[in-house]
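Visitor: Hi, could you walk me through this protein? I'd like to ask things as we go.

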Amino acid sequence: MIIHKYLQHFQGVKTIHLILLFIFFISPQFHSSYAQSWIRAGYWYASSGSLIPDINSALFTHLICGFANVSSFSHQLIIPSADQQYYSSFTDIVKRKNPSIITLLSIWNGQASIAQGILGDKANSSVLSSMLNQSSSRRSFIEYSIQTARRYDFLGIDLFWLWPNTKADMINLRKLLDEWRAAVDSEPRNSSQSKLMLTMAVKYVPSFGSMTYLIESMKRNLDFAHAVAYDYHLSLKENVTGRCSCCSI
């Protein structure tokens with residue numbers, strides 16, 4: 001019932017589907033000019049039915065377009081065929097109202113796994129867990145994430161995976177972030193292209209259950225991380241309320 005309610009909420013939004021993000025930390029990778037100002041970022045969900053031209057991008061510094069799926073076989077990124085037209089035009093359209101906007105392509109674990117994680121259920125058999133487990137799979141994922149971001153003119157890549165469930169997941173996530181940062185730093189590109197940004201969605205606390213985010217690895221490899229707080233009004237298994245120090249949720 002809760003999953004159904006959540007997915008209805010996630011898919012049925014008729015207005016612009018933008019999720020306000022709260023910055024968790026800014027790493028040394030993040031350019032000083034941005035560190036001196038607030039980041040105003042949000043997600044736009046391609047399958048929501050809302051229109052890109054309706055986004056007032058002047059209100060944001062960063063807009064994140066989601067979501068790309070990960071193939072369970074090749075670990076390449078999959079853009080749903082019905083959404084490809086939106087991905088190819090997203091950056092161009094939102095830059096018309098805000099030429100300085102930074103757009104990012106978001107990659108997730110699939111809608112079912114996200115809903116499962118929200119309920120607090122184990123989801124460590126997920127595609128992302130499987131991908132992280134092998135160096136060859138991580139390499140394939142990284143290569144295609146960079147290629148896909150460039151193909152659709154995004155300026156960065158975002159990982160939306162809030163619920164790693166095992167210590168192995170966390171260890172392998174650290175490996176992925178190290179390898180991803182190295183690949184982005186060494187990516188051949190022409191003089192008109194800036195280095196891709198790397199960001200990641202996180203829960204509002206650094207530790208959850210028996211898991212703890214690898215903060216030092218994230219600070220070293222990510223441009224910034226953002227705490228996602230869109231679902232905390234739902235009645236979930238958690239019986240406590242989390243409060244961000246930077247907001248009044």
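Guide: Happy to, and we can go from the overall build to single residues.
This is a predicted model, where local features need pLDDT of at least 70, side-chain atom pairs count only at pLDDT 80 or more, and totals for chains, interfaces and linings use all residues. Residues are numbered from 1 along each chain as its sequence is written, and side-chain values use heavy atoms, with hydrogens and water left out.

Visitor: How many helices and strands does the protein have?
Guide: The secondary structure comes to eight helices and 11 strands. Helices (H or I, at least four residues) and strands (E, at least two) are DSSP runs, numbered from the N terminus.

Visitor: And what share of the residues is buried?
Guide: Buried residues make up 51% of the 249 residues. Buried means under 20% relative accessible area, exposed over 50%, and partly exposed in between (1.4 Å probe, protein chains only).

Visitor: What share of the contacts links residues 24 or more positions apart?
Guide: Among contacts with a separation of 6 or more, such pairs account for 75%. A contact here is heavy atoms within 4.5 Å.

Visitor: Let's look at helices. How do α6 and α7 pack?
Guide: Helix α6 (residues 135–151) and helix α7 (residues 167–186) pack at an angle of about 45 degrees, and their axes are 10 Å apart. Axes are lines fitted to C-alpha atoms, for helices over the stretch in contact, and angles run from 0 to 180 degrees between N-to-C directions. The two helices are therefore oblique to each other. Angles under 35 degrees count as roughly parallel, over 145 as roughly antiparallel, 65 to 115 as roughly perpendicular, and the rest as oblique.

Visitor: Left-handed or right-handed crossing?
Guide: α6 passes α7 in a right-handed crossing. A crossing is right-handed if the near helix is turned clockwise from the far one by less than a right angle, and left-handed if anticlockwise.

Visitor: Which residues meet there?
Guide: From α6 there are Arg138, Phe141, Ile142, Ser145 and Ile146, and they meet Asn172, Lys175, Leu176, Glu179, Trp180, Ala183 and Val184 in α7. By class, this contact has seven nonpolar, two polar and three charged residues. For those classes, Ala, Val, Leu, Ile, Met, Phe, Trp, Tyr, Cys and Pro count as nonpolar, Asp, Glu, Lys and Arg as charged, and the others, Gly among them, as polar.

Visitor: New topic: where does Thr199 sit?
Guide: Thr199 is in strand β8 (residues 197–202), and at 1% relative accessibility it counts as buried. Its side chain makes a polar contact with the side chain of Asp158 at 2.8 Å. A polar contact is a pair of N or O atoms within 3.5 Å; within protein, one must be able to donate a hydrogen and the other to accept it, and residues adjacent in sequence count only if both atoms are side-chain atoms.

Visitor: What about Met200, buried or exposed?
Guide: Met200, found in strand β8, is buried, with a relative accessible area of 0%. Leaving out residues up to four places away in sequence, Met200 touches several residues, including Asp158, Trp161, Tyr213 and Leu222. Met200 and Leu222 are 22 residues apart in sequence and 7.3 Å apart in space, C-alpha to C-alpha.

Visitor: You mentioned Tyr213. Where is Tyr213?
Guide: Tyr213 is in the loop between β10 (211–212) and α8 (215–221), and it counts as buried at 3% relative accessibility. The side chain of Tyr213 reaches the backbone nitrogen of Lys203 at 3.0 Å.

Visitor: And His62?
Guide: His62 is in strand β4 (residues 62–70) and is buried, with a relative accessible area of 0%. The side chain of His62 makes a polar contact with the side chain of Thr61 at 2.7 Å.

Visitor: Which peptide bond is cis?
Guide: The one from Gly66 to Phe67, with omega near 5 degrees. Phe67 is found in strand β4. As background, most residues other than glycine have a negative phi, and most peptide bonds are trans.

Visitor: Which residues have a positive phi although they are not glycine?
Guide: Among them are His75, at about 60 degrees, and Asp153, at about 65 degrees. His75 lies in the loop between β4 and β5 (77–78) and counts as buried at 7% relative accessibility. Asp153 lies in the loop between α6 and β7 (156–160) and is partly exposed, with a relative accessible area of 49%.
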